[in-house]
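Biologist: Please take a close look at one part of this model for me. Keep it plain, and go step by step.

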Protein chains: 2
Amino acid sequence: MFMDDMGWGDLGIYGNPASETPNLDRLAEEGIKFTDMYTGSSICSPSRASLLSGRLPIRNGFYSDGQFARASYAPQVVLGENGYQNKIVGKWHLGHRERYLPLNHGFHEWFGAPNCHYKYDTTVQPNIPVYKNREMTGRYYQDYKIDHKTGLGNLTQLYTQEALEFIERKTKQNENFFLYWAPDATHTPLYASKEFRGKSKRGLYGDAIMEIDAGVGKIMALLKKLDIDKNTFVFFSSDNGAATYAFTNGGSNGPFLCGKQTTFEGGYRQPALARFPGKIPAGQITNQVSLLMDLLPTILDFADIKMPRNLTLDGQSIRNVMEGTSKVYDRGVFYYRGNALFKSRYGFYKAHFYTWNTPAEAIKIGYHYCPGQRIENVTTSQMTNYTDKPLLFHLGRDPGEKFPIDPTTEEYRIGLAPILKIVQQHKDKLIKAKPEFNLCDLAIQNWAPRGCEKINRCMKAPPSYVYKCFWPY
Amino acid sequence: MFMDDMGWGDLGIYGNPASETPNLDRLAEEGIKFTDMYTGSSICSPSRASLLSGRLPIRNGFYSDGQFARASYAPQVVLGENGYQNKIVGKWHLGHRERYLPLNHGFHEWFGAPNCHYKYDTTVQPNIPVYKNREMTGRYYQDYKIDHKTGLGNLTQLYTQEALEFIERKTKQNENFFLYWAPDATHTPLYASKEFRGKSKRGLYGDAIMEIDAGVGKIMALLKKLDIDKNTFVFFSSDNGAATYAFTNGGSNGPFLCGKQTTFEGGYRQPALARFPGKIPAGQITNQVSLLMDLLPTILDFADIKMPRNLTLDGQSIRNVMEGTSKVYDRGVFYYRGNALFKSRYGFYKAHFYTWNTPAEAIKIGYHYCPGQRIENVTTSQMTNYTDKPLLFHLGRDPGEKFPIDPTTEEYRIGLAPILKIVQQHKDKLIKAKPEFNLCDLAIQNWAPRGCEKINRCMKAPPSYVYKCFWPY
Ligand SMILES: [Ca+2]
Ligand SMILES: [Ca+2]
């Protein structure tokens, strides 16, 4: 279960004041809650690519939004080779063109969209197609309505039904299955169905969360009803921090700084829950630094499946963390923004090599990634280079990254040294991939997906402009 | 159990990332957790006076720190009249002089201090005496050591032992008891004992919390061992928001704005847990707006005791909220700073009549109540009057008070109207008391508490300066 722009502070179990996620809170109580789970990127596409590949975006050539899938060793591929039936429900976001779509990357079934559901001007960009397996069944807004005025939209209901139907069918067919459930209602433009619209204390954003939480409840109830819940590994997380730039239409990153798009904790630290009765003891809370990139090797570890061949992974199995048989150990985190390593954590210490809040281009159009937060020399409006003398924070005492440690102190020296070491090791070994996709060439989007002719939804692509556009990551 | 400067975001169950409070988290799981519990004041003394009296500080003449007790209808008084044995362990902070001390206000026993444990220059101010019942047994620093360099201090251990001894003794004597447990280790200067020092991920502040949490665990274990836990109402909260001005020596207010001293949510919203097996169903989380001033009438309600005579209370019994038999209802909150009503909440809406962050005098000596937070027109450095057109926030969508509602909208009009109404009603009925105490007259402090001569700890009071000093609330 992989959410879109849901923040660390959005669930009751993570301290959300509204506390409107009873089903997710129960999932945590029946399993393990991670306090220190990190995404591979604080924006959608690279995060999803890193989740599925177990590799940092920089290694995949996948470090800006909207690029295609190179995650050939994704869980669905390996699991598929071992007899699992795989379905993705919801947002893919790893490429628009047919060769990049889920059914060409290990999934047997799909219901959902290849991209975010931004409402474009369709004369300039195509609105987002919704696929049923290999063919388009309609488009967001045209066929799957979202009413921007009322916030009404029925897609979370459809995504929940699709999940339930798949689980029930595969169980009755006695087949092992892998479900990647990726609703997108918490990404702006937000939506919720009639049953949930207006129900939350938090406005439309909260309505969307309540509806997803209810969907989680239905899925968990079905697993129990089918008597497979003890045999099913369930994992819940989100692709990046809450979109603080969306103001009251964005979620909460709890006590952390800034949000989506940034390399502060608010962008990178994610809610994460896992449940596997009999394997994962109930009621655990772990402070183990973990990565969403750990999920691929962890799933395979639980399923007793080996990776088909060696591939450099940034993730590693955290099965023993989940099983409660491992002590908390120190581990590196690398926070990239685009192709630049901005920050790194080791132990409790986090070094800022570069700081940057909101690009001037974004501010011009009303965006701000750190509304209400302003920390001198930290939330800098310009990209600022501190590689000579990194800012250093102790995330235990100072999870909000507010109080840089005095660089003249012994603590600074001791805290920074292992970070510099792991960063050097990381850089020495890293083979950067080059992005292959030109985000700003509209022709590269899929204007006429397969099946569009059957429902009269084909559009004509504009001419291709092969230039490298500015990407102000 | 009443904490000192512990913030809403400090417990695991309230989303603290370090999550180092297993005993308090269990207390919540076995009872009820409040998301919207408010103090009567965001500084120590007035908060404690309002807790015990069920009345706003403005009604008690008790609206700046360091003043004496007028809480004659405090729970210990009423309970004492009904045969309960009462003990306070820890910080009193409702007066230094003998006539204001706990044993002259309904308590039968006391071990603790009348004030905060600031380390004064003893030639100017007396250091804080520690009382055993009616007599002084020593002073903080001199006899009850706190090492400012190492952060070592043993008082939480002593306060825990005192609580355990009292509970066990009263139970064996078959007497009803009321224990007011008020450790002060989370108020700067912080301290923890050797067993806990250095154990937390959060530094000394976290060590202090871990030690208090362990104390709570011991108290709960004793109640269970004595088989009285099902017959004992346990309540946990804190007197005011975390002291954000103490930077990494202060706690966490989670997603809320600013902290102690202010009328933002970070100053006023408190963690609060209650447990009473058989009466309070386990595992409840309530969004009911509640006040610490509700505790007095609630305790009496649970104990089937009537107030001895009518007195205007700002609190009301929330027994039915705790029992889970009441739907969430709208209720007013009045946020005072000194004798000025700064803000008020009704339903989800909170109006700011005055905003003010940090007084210039405080900034000069290095204080800042909202470090890292800056919201234009909201965290104003000057006291700013918005009574003509209050700032209005929706605390459901915007718990961080970041996004004022546009005053030209219908929502503004509808949200503000009931607040203006309750404020008018409040002001019409309010009889303000005058503070009787001159905070800055050092002579009024108790330089030679009873018993000082036995231990050679008497000091000579300076001459009295009867002038009204500046109090920059
Ligand atoms: Ca996202
Ligand atoms: Ca206090």
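Modeller: Let us look at the cysteines. A:C452 is buried, with a relative accessible area of 2% (buried is under 20%, exposed is over 50%, and partly exposed is in between, using a 1.4 Å probe and protein chains only). This is a predicted model, in which local features need pLDDT of at least 70 and side-chain atom pairs count only at pLDDT 80 or more, while totals for chains, interfaces and linings use all residues. Residues are numbered from 1 along each chain as its sequence is written, chains are lettered from A and ligands numbered from 1 in the order written, and side-chain values use heavy atoms, without hydrogens or water.

Back to A:C452. It forms a disulfide with A:C458, S to S 1.9 Å (a disulfide is a pair of cysteine sulfur atoms within 2.5 Å). A:C458 is partly exposed, at 40% relative accessible area. The angle about this S-S bond is 95°, and the link is right-handed.

Now chain B. B:C452 and B:C458 are joined by a disulfide too, S to S 1.9 Å. Their link is right-handed, with 95° about the S-S bond. B:C452 is buried at 2%. B:C458 is partly exposed at 39%.

A:C116 is in no disulfide, and the nearest cysteine sulfur, in A:C44, is 4.2 Å away. A:C116 is buried, with a relative accessible area of 1%. In chain B, the sulfur of B:C116 is 4.2 Å from the closest cysteine sulfur, in B:C44, which is too far for a bond. B:C116 counts as buried, at 1% relative accessibility.

How many disulfides are there over all chains? The count comes to four. One of them joins A:C258 to A:C370, S to S 2.0 Å. That link is right-handed, with 105° about the S-S bond. It connects distant parts of the chain: A:C258 is in the loop between β8 and α7, A:C370 is in the loop between α10 (360–364) and β16 (384–385), and they are 112 residues apart. Helices (H or I, at least four residues) and strands (E, at least two) are DSSP runs, numbered from the N terminus. A:C258 is buried at 1%. A:C370 is buried at 0%.

A:C44 lies in helix α2 (residues 44–53), and A:N240 lies in the loop between β8 (234–238) and α7 (265–268), 196 residues apart. A:C44 and A:N240 are both buried.

B:C44 is buried, at 0%.
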